[in-house]
Amino acid sequence: MTASLSLSEVSAFKKELQSLLEQLQEEVAEDVSSKYKPIDEGVHVHDVGDDAEASVELMMNMGTLAHHSEELAECIAALKRIESGDFGFCTDCGEEIELSRLKACPTASRCIRCQSVYESALKQSA
Ligand SMILES: [Zn+2]
């Protein structure tokens, strides 16, 4: 299997992914510090309505955090693929991922075809 990506293209993706990684790490750190603080400080909730509201808010915050963590995991995985030389290949079918797709989304681990199969499977299970 020979990558069609040139070394300079790969290093450009690597730089992009590394800056994305830093950005995401900051976002996750902010999520944790800003969103969990009120709970750590122990906001006293007496009323059931407030309690429910607080839970909804917590769940939403956790959703954002999970979303950022997922992006972070994808970014780390993409950097690992660069290190191992698998970057640019679909993790499902092993075919090359379209360059235009990688440029739009450097963390992409699947080709368009496998990604759409994956997404439709997700939708069905949801
Ligand atoms: Zn594929």
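Analyst: From the N terminus on, the elements of the protein chain run α-α-α-α, that is, four helices and zero strands, where helices (H or I, at least four residues) and strands (E, at least two) are DSSP runs numbered from the N terminus. This is a predicted model, in which local features need pLDDT of at least 70 and side-chain atom pairs count only at pLDDT 80 or more, while totals for chains, interfaces and linings use all residues. Residues are numbered from 1 along each chain as its sequence is written.

The largest nonpolar core has eleven residues, namely Phe-13, Leu-17, Leu-24, Cys-75, Ala-78, Phe-87, Phe-89, Cys-90, Ile-97, Leu-102 and Cys-111; such a core is a set of buried Ala, Val, Leu, Ile, Met, Phe, Trp, Tyr and Cys residues joined through C-beta atoms within 7 Å. Helix 1 (7-40) and helix 2 (48-84) are the elements that give two or more residues to this core, and helix 1 gives the most, with three residues. Phe-13, a member of the core, is in contact (C-beta atoms, placed from the backbone, within 7 Å) with Ile-82, Phe-87, Leu-102 and Pro-106, leaving aside its neighbours within four places in sequence.

Helix 4 (residues 112-125) is hardly covered, since the count of buried residues among its 14 residues is zero.

Key
A residue is buried if 20 or more other C-beta atoms lie within 10 Å of its own, exposed if 12 or fewer, and partly exposed in between; C-beta atoms are placed from the backbone. Two residues are in contact if their C-beta atoms, placed from the backbone, lie within 7 Å.
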